Amino acid sequence: MADNSSKRLSRRKFIAASGTAGALALAGCTSNPNAGGGDDERSDGDSTDGGDGGGSTEGGNSSTGDGNSEYQNLSGEINVAGSSTVYPLAQALQEQFTSEEMHPDVNITLQSTGSGGGFQNYFCVGDTDFNNASRPIKEEEQALCQDNGVNPVELKVATDALTVVVNNENDFVDEITFEQLYQIWSADSDASTWSDVNSEWPDEKLQLFGPTEASGTYDYFLETVIGEEGPGMRTDYQATENDRTIVQGVQGSQYAMGFFGFAYYSNNTDAVKALSVEGGDSDGAVAPKLETAKSGAYPLARPLFTYPARESLAEEHVAAFAKFFVEQSTNEDIVANQVGYVPNSQEEADEMMSTLESAIQEAQG
Amino acid sequence: MAADSPSTVRDGFGTVSRTAGVVFRYALLAATLLGILAVGILFVYVANDAIQPFTADPGWHLTFFLTLVVPTLAVGYSLSGRGEGSLRVGLESLGLLAVMPLFAGGVAVLFLSILPALVVFSFAVALAIPLAAIVALQRTRQVGFVAKLVAAAVVTVASLLFVPNFIQNVPVIPVEWLLVALTIGAPTAAIAGAYAAASWNDRRVGRIAALAALGGVLVGGLVGSLTGVGGIAATVLATVAGVPVGLYVATVVDQHPTRREGLLLPLVVLGGMLLGAFLVRTVGFAGPASWLDWAFVTSDNSFSAESAGIYPALAGSIMLMLIVSLASFPIGIGAAVYLEEYAGNSRLTRLIEVNIANLAGVPSVVYGLLGLGLLARMLEDGLPVFPAVVADPLGLEPIRVGGDLFGIGTVFVGGLTLSLLILPIVIISSQEAIRSVPPSQRQASYGMGATRWQTVKNVVLPKAFPGILTGTILALGRAIGETAPLLVIGAPNEFGIPQELSSRVGAMPLQIYAWATTSGTEEFYTKVIPAGVVVLLVAMLAMNSVAIVLRNRYRQRN
């Protein structure tokens with residue numbers, strides 16, 4: 001019985017409600033932007049699956065013109081992984097690129113995986129559109145990419161000064177040589193205290209913090225200081241892909257040492273002390289600074305890269321972000337002041353732009 | 001007698017020292033306090049960093065103390081003296097006022113940033129049509145069940161295939177807020193009507209309540225669209241917060257006249273807040289330099305701590321919750337009903353139940369690996385509808401669907417992974433709820449000649465519903481805080497608002513983790529992260545509070 005009444009109720013209510021709703025709907029109508037133009041769905045920016053995807057020239061993004069100016073209304077996804085050293089730069093640029101004034105409908109995701117981790121696990125298997133790297137791509141990574149039909153395009157975006165840091169309380173060392181770094185960090189060294197490296201230094205245990213093997217910073221340090229054919233890095237240090245942990249580790253212990261990209265140091269100049277480095281063909285010990293990295297006087301200055309996949313550049317919004325990345329690599333304010341790297345010179349940027357343009361042309365046919 | 005010589009002391013009746021008992025008791029007390037204290041201190045510490053109350057003028061504190069705290073305490077005290085449950089009414093209405101706008105905010109985010117109103121509306125209509133058809137079919141008695149089933153299936157599929165597309169291409173459509181009002185306002189009004197009809201035991205009241213609710217939603221939307229609030233936001237606020245609060249107030253006023261005074265409490269709080277804000281502004285006392293403000297909640301993440309916000313993460317969490325609830329609730333509740341009502345007490349069911357209980361304790365990172373291996377990698381090219389194993393020998397092309405949904409770190413994969421994670425919890429808590437329905441009620445139903453299906457549908461599920469809801473909401477609360485499984489499936493550190501199911505996943509705990517690991521400046525650690533933690537905790541507490549209130553009401557009724 002109760003069941004019955006509720007049924008009648010709901011029917012009457014349904015009629016009443018739909019009547020009211022219909023009347024109101026008539027009162028407040030607008031024209032449908034979707035209608036007429038057929039299926040106007042947002043073009044799916046996820047080009048990453050199916051590495052052989054070159055054919056995704058949906059290009060329905062209104063501006064098919066040449067334009068630097070009419071990038072408006074781009075939308076889609078761009079996935080970036082790779083170096084934690086390049087991460088802050090990429091983060092600053094993505095924020096600009098997706099700002100209200102530029103392309104708010106483009107969704108850029110960033111992942112800090114280390115240069116090698118990014119190539120190996122994400123980029124070369126077709127899961128990301130860009131990979132940031134703090135060292136050039138290796139041959140085996142190149143081969144892996146090739147196997148999956150991914151063609152990396154190398155773009156240099158800034159110059160870094162790899163910075164060796166010690167605790168602020170550390171008053172016995174201000175400069176260090178490649179030989180000493182070798183003694184501290186290489187696998188065949190048995191240095192366990194500071195005095196093992198230099199008898200004038202205290203007899204205290206070395207506490208070492210550094211990046212993991214997935215990191216480009218690790219690769220660069222290994223190659224430059226220890227040598228590619230050398231014994232390799234020691235393994236008994238605190239390895240982390242998180243530069244913040246290195247800062248905190250060094251901050252927390254008077255006899256600690258660590259190294260990472262200059263950007264993390266420039267944000268933490270009060271927290272840790274950077275060492276001047278002597279080595280290679282440097283003229284004595286040189287302090288890590290943007291100027292010394294730019295001039296090449298600092299022995300641990302190194303280029304930073306981003307690698308877009310040529311297949312992804314077929315999509316307008318990915319190409320636009322790649323161009324933006326290169327354009328802004330000369331921007332003193334973003335690259336040097338906000339992030340803390342040496343901007344590209346205009347010539348370098350022009351060269352990168354022409355590399356990129358031809359890759360885009362190839363990709364877009 | 002001789003046996004009871006003083007030397008034979010029986011166990012347990014020797015010399016009794018009270019000291020041991022006292023020590024034991026205070027040790028327990030200390031353990032309890034230590035736990036609560038540790039959590040409490042942590043929370044206060046984080047909240048202090050996020051809100052920084054001591055940066056405010058003393059006058060600001062004094063003003064609010066006088067306008068807000070003192071009157072609230074006074075009213076609360078007088079209510080508690082009055083008895084009759086009026087203090088409870090006051091606290092409940094205050095809680096509703098505090099929590100429902102939060103949920104409204106969540107739903108509004110869904111409509112404002114993730115789901116286009118027209119698309120949602122078209123699918124709502126496409127689902128409403130078969131629902132209406134099924135209700136109509138149920139009343140016809142001439143047709144057999146199989147025929148009904150076929151008809152219902154045909155209508156459902158046809159409706160889902162054609163209606164959304166048709167509606168999305170109608171040349172003239174209602175304005176967006178009106179679409180939202182129809183999509184969520186109309187069902188809410190119907191539920192409010194049904195609730196009112198049952199509560200007053202009067203169909204007329206139910207009809208009036210439904211119409212009033214719908215009218216309130218429409219008026220709210222109209223006002224919102226004409227003022228600065230925005231039509232969609234106001235519509236959602238009126239639906240999600242306005243209707244329940246209105247219903248609660250109406251119930252109290254009409255059905256519990258002795259508790260009416262309780263409604264004074266929220267009025268005093270609201271009035272005190274407004275008065276305090278007004279006074280502070282006119283006198284010019286500076287408020288606290290809170291890092292957690294409207295801008296933090298509504299702006300994008302940023303490279304610089306000053307402009308970093310949590311909005312994309314919030315939107316991502318809401319989208320994840322949507323997927324998780326859609327995926328895990330039907331499966332979990334279905335499994336629980338089967339295990340409790342249908343499966344006998346065989347060795348197999350016991351084995352299954354033990355396994356489910358164990359799965360509930362599996363570390364979340366393991367589920368993350370499952371998501372990575374199975375959902376992100378094996379299904380990367382899509383679900384094998386027509387697998388290669390079958391297709392290749394026949395010389396046909398294998399068919400796989402949904403290739404863009406699966407893959408590294410997509411929202412879809414993230415949602416399914418979290419669903420797997422909470423599925424055992426949903427099943428177990430639903431089982432508990434179903435088990436707590438007294439067997440006598442089932443027997444009564446059977447005694448009236450009802451079938452098992454009718455008993456489950458009409459007796460067990462309605463009775464167990466609040467309990468099921470409590471458990472599932474608590475499980476959702478766990479899912480919203482999970483980080484490890486998302487990291488394992490390849491979630492990014494920096495993300496935007498997910499626009500599609502194939503977008504990369506983002507969520508609040510992920511954002512906090514990213515801030516804690518990749519940001520360079522100290523401000524992130526001392527201000528942005530605490531603010532993010534407070535937002536996450538508030539979201540979790542809001543969900544848990546609903547679960548707790550539901551549980552309490554349910555217990556009282558039984």
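## A parallel strand pair in chain A

In this predicted model, strand β2 of chain A, which covers residues 76-82, pairs with β3(A) in the parallel sense, and the pairing runs over 5 bridges. Within this pairing, A:Val80 is the residue that stands opposite A:Leu110 of β3(A).

## The sheet around that pair

Both strands belong to an open sheet of chain A that is built from 5 strands, and reading across the sheet gives the order β3-β2-β4-β13-β5, with mixed pairing. The edges are formed by β3 (106-110) and β5 (155-161) of chain A, each of which pairs on one side only. On average, and with direction ignored, neighbouring strands of this sheet are turned by 20° against each other.

Which strands does helix α3 of chain A lie across? This helix, residues 115-123, lies across β2, β4 (130-133) and β13 (301-308) of chain A, and its direction is at about 160° to that of β4(A).

## Chain A as a whole

The sheet and helix described above are part of a chain for which 13 helices and 13 strands are assigned. Chain A has 365 residues, of which 47% are buried. When contacts in chain A between residues at least 6 apart in sequence are considered, 72% of them join residues that are at least 24 apart.

## Two domains in chain B

For chain B, the domain assignment gives domain 1 as residues 72-284 and domain 2 as residues 298-557. The centres of domain 1 and domain 2 of chain B, taken over C-alpha atoms, are separated by 25 Å. Where these domains of chain B touch, domain 1 contributes 9 residues to the contact and domain 2 likewise contributes 9 residues. On the side of domain 1 of chain B that touches domain 2, the residues divide by class into 6 nonpolar and 3 polar, with no charged residues.

## A helix crossing in chain B

How do the axes of helices α11 and α15 of chain B cross, and at roughly what angle? The axes of α11 (residues 311-342) and α15 (residues 411-435) of chain B come within 6 Å and cross at roughly 35°, and the crossing in which α11(B) passes α15(B) is right-handed. In the contact of α11(B) with α15(B), the residues comprise 21 nonpolar, 7 polar and 3 charged.

Methods: Residues are numbered from 1 along each chain as its sequence is written. Chains are lettered from A and ligands numbered from 1 in the order in which they are written. This is a predicted model: local features need pLDDT of at least 70, side-chain atom pairs count only at pLDDT 80 or more; totals for chains, interfaces and linings use all residues. Helices (H or I, at least four residues) and strands (E, at least two) are DSSP runs, numbered from the N terminus. A residue is buried if 20 or more other C-beta atoms lie within 10 Å of its own, exposed if 12 or fewer, and partly exposed in between; C-beta atoms are placed from the backbone. Two residues are in contact if their C-beta atoms, placed from the backbone, lie within 7 Å. Domain bounds come from an automatic or database domain assignment. Ala, Val, Leu, Ile, Met, Phe, Trp, Tyr, Cys and Pro count as nonpolar, Asp, Glu, Lys and Arg as charged, and the others, Gly among them, as polar. Axes are lines fitted to C-alpha atoms, for helices over the stretch in contact, and angles run from 0 to 180 degrees between N-to-C directions. A crossing is left-handed if the near helix is turned anticlockwise from the far one by less than a right angle, and right-handed if clockwise. Two strands pair if DSSP finds at least two bridges between them.
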